[in-house]
Amino acid sequence: MLSAGLILFLAALQGVTELFPVSSLGHAVVVPPLIGLNFRETSPAFVPVLAILHLGTAAALLFLYRRDWARIIVGFFRAAVRGRISDPDERLAIMLIVGTVPTGIIGFLLQDPLKSLFGDPRAASVFLIVNGGILFAAEMFRRRDERRRATGGAQVLAHEEDDPAYERVEGLSLRTTVIVGVFQAGALLPGISRSGITMAAGLVAGLRHEEAARFSFLLATPIILAAGLLEVPTLGSDAPTLLVAVAAAVVAGLVAYASARFLLRYLRLGRLDPFAYYCAALGAAGLVLIH
Amino acid sequence: MRGSRPLSLLLLVLAVIFALAAVFYFTTKTSFLASGPPAIHFKHAIVFTVLTLLAVVAANFARPKSIQA
């Protein structure tokens, strides 16, 4: 069984890295050997801990977007009963399902072969560098689009929220949502960030930065919640004590909530490049220092 | 979106298959499409239950709708 201190450290690490576009799984695989912790992601004792941390993170996301989720759930049942979409809430509900199903199915089918990668910090380091490349490429595409619009005579506004050229989540087509959902499956690889790859896909699809993050967090919630809930029946003798489990879930949830609030505020003006450089640097450090 | 009766029926057939798979995994110790020794696979059962519900909802979306006045 893992020590309470290590579990709380992993909870804080999970809370920050699950929502920042830097891959929580990649960090859980690469960071412990980098800082000399005797811990492996493949340890059987980690599965119940991870399930608890996922539940904490999912609770934070549900709380952050509680009003959206209330409207989405009501919208889903309305649309499901009528068999047609007639307002933005119903549309968003169906978009989230359409975007979640590909990752759910791919993850479920490939979970065993993918788990073999969890014990390989060097593979995770390579995927972290790839994740940095994805974030950087998404920002490059966005800048090119802004330059093209500027040379075409369109006014590019400093605040994206004022710029009609970039959309809110509700403006995405269902086809684009499926593509973003398939992209999200890439995050099953340790080192590829779920939030990073969906934010990148959202930016390329024409969302504002803040909306790309909102879409990413909304899409991530059912997957993170399911990842936690589906492991609950398998919790056995390796599970931490109730007190440690509750403390870990609370730490993961609080840190995730603060991270999400920070990221949403940052992305009103900021871009994903710093996260791209960070991922590339951590991946390079992992490749050089872990043998 | 215009409805399609064949697509709707196909999705309903899929829903029935998913439902049978869910019942199978809830009630039978098996290692079919699962790793490890034969056991009740709750994860598989829950996933197939969710897929059943989604297939029913999709069938409802795909069915032809009467034109409202």
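This is a predicted model: local features need pLDDT of at least 70, side-chain atom pairs count only at pLDDT 80 or more; totals for chains, interfaces and linings use all residues.
**View 1. Extent of the interface between chain A and chain B.** About 1,300 Å² is buried between the two chains, and carbon and sulfur atoms account for 69% of it. On the chain A side, the greatest losses of area to chain B fall on A:Arg84, A:Phe108 and A:Leu230, which together make up 40% of what that side buries. The contact involves 18 residues of chain A and 15 residues of chain B.

**View 2. Polar contacts across the interface of chain A and chain B.** Two residue pairs are in polar contact across this interface, both at pLDDT 80 or more. The number of salt bridges between chain A and chain B is zero.

**View 3. Helices of chain A on the side that touches chain B.** Helix H4 (66-82), helix H5 (88-115) and helix H9 (209-231) of chain A each contribute at least two residues to this side. The most comes from H5(A), with seven residues. By residue class, the side of chain A that touches chain B comprises 12 nonpolar, two polar and four charged residues.

View 4. Because its relative accessibility is 13%, under the 20% cut-off, A:Ala201 counts as buried. With residues up to four places away in sequence left out, A:Ala201 touches A:Val180 and A:Phe183. A:Val180 is 21 residues from A:Ala201 along the chain, and the C-alpha atoms of these two residues are separated by 5.8 Å.

Notes:
Residues are numbered from 1 along each chain as its sequence is written. Chains are lettered from A and ligands numbered from 1 in the order in which they are written. Side-chain values use heavy atoms; hydrogens and water are left out. Contact means heavy atoms within 4.5 Å. Buried area is the accessible area (1.4 Å probe) that two parts lose on being put together, summed over both. A salt bridge is a side-chain nitrogen of Lys or Arg within 4 Å of a carboxyl oxygen of Asp or Glu. A polar contact is a pair of N or O atoms within 3.5 Å; within protein, one must be able to donate a hydrogen and the other to accept it, and residues adjacent in sequence count only if both atoms are side-chain atoms. Helices (H or I, at least four residues) and strands (E, at least two) are DSSP runs, numbered from the N terminus. Ala, Val, Leu, Ile, Met, Phe, Trp, Tyr, Cys and Pro count as nonpolar, Asp, Glu, Lys and Arg as charged, and the others, Gly among them, as polar. Buried means under 20% relative accessible area, exposed over 50%, partly exposed in between (1.4 Å probe, protein chains only).
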